[in-house]
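Subject: Handover of a protein model

Dear colleague,

Please find the structure below.

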Amino acid sequence: MPKKANIFDSFSHSAIQQFKEAFGIMDVDKDGLLSASDLTAAFANHGKSVSGGEAQGMLDEADGPMNFTQMVTLFAGKMAGGTDDDETILKSFEAFEINGQIDAEAFRHSLMTFGNKFSASEVDDAFAEFQIDGGMIDAAHLKGLMCSK
């Protein structure tokens, strides 16, 4: 009988640890399942406003209750999806955006730490194209560079 593929084998140990940390932050009520109220509170704890409907929409992408394994499975599916559409790209930048600006050092750290990690020289090359003033990236300009619309 062939061994069933384990979703956790798709990621490095450090990536799984990062997912666990993120899940722990999002699971505000610590019941092992993410709910719309968990996500709304987690975003609020990080200065972002998300409606209950938006949070539920995120959860509806999963097949069933959003436990840790389900979250990792969802991430694996999204990462295997190839090219993101413009809407997905814009939403990812909005996660970093505060008042139309993105903290350059926080963005650099994320690019070099999570997902498909960028090297320092790749980040330097990209940052040479960005409009940066006082350590803050102009979010509208960055989105214009990254999206076809």
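A salt bridge is counted when a side-chain nitrogen of Lys or Arg lies within 4 Å of a carboxyl oxygen of Asp or Glu. Please note that the model is predicted: local features need pLDDT of at least 70, and side-chain atom pairs count only at pLDDT 80 or more, whereas totals for chains, interfaces and linings use all residues. Residues are numbered from 1 along each chain as its sequence is written, and side-chain values use heavy atoms, with hydrogens and water left out.

**Overall form**

The protein chain contains eight helices and four strands; these are DSSP runs numbered from the N terminus, with helices (H or I) of at least four residues and strands (E) of at least two. Read from the N terminus, their order is α-α-α-α-α-β-β-α-α-β-β-α. The C-alpha trace spans about 55 × 40 × 30 Å along its principal axes.

Of the 149 residues, 28% count as buried. Here buried means under 20% relative accessible area, exposed means over 50%, and partly exposed lies in between (1.4 Å probe, protein chains only).

The chain carries 11 positive and 24 negative side chains, and the centres of the two sets are 6 Å apart. In this count Lys and Arg are positive and Asp and Glu negative, while His and the chain ends are not counted; each charge is placed at NZ of Lys, CZ of Arg, CG of Asp or CD of Glu.

**Salt bridges**

The structure holds four salt bridges. One of them joins the side chains of glutamate 94 and lysine 143, at 3.7 Å from N to O. Glutamate 94 belongs to helix H5 (residues 86–94) and lysine 143 to helix H8 (residues 139–146), so this pair ties together parts 49 residues apart in sequence. Glutamate 94 is partly exposed, at 36% relative accessibility, and lysine 143 is buried, at 16%.

Lysine 143 also forms a salt bridge with glutamate 97, with the closest N and O atoms 2.7 Å apart. Glutamate 97 lies in strand S1 (residues 97–98), 46 residues from lysine 143 in helix H8. Both lysine 143 and glutamate 97 are buried.

Where does the pair of glutamate 105 and arginine 108 lie? The two residues are three apart in helix H6 (residues 104–113), and are therefore separated by about one helical turn. Glutamate 105 is exposed, at 53%, whereas arginine 108 is buried, at 19%. Elsewhere, salt bridges with shared partners join Glu94, Glu97 and Lys143 into one network.

Yours sincerely,
A colleague
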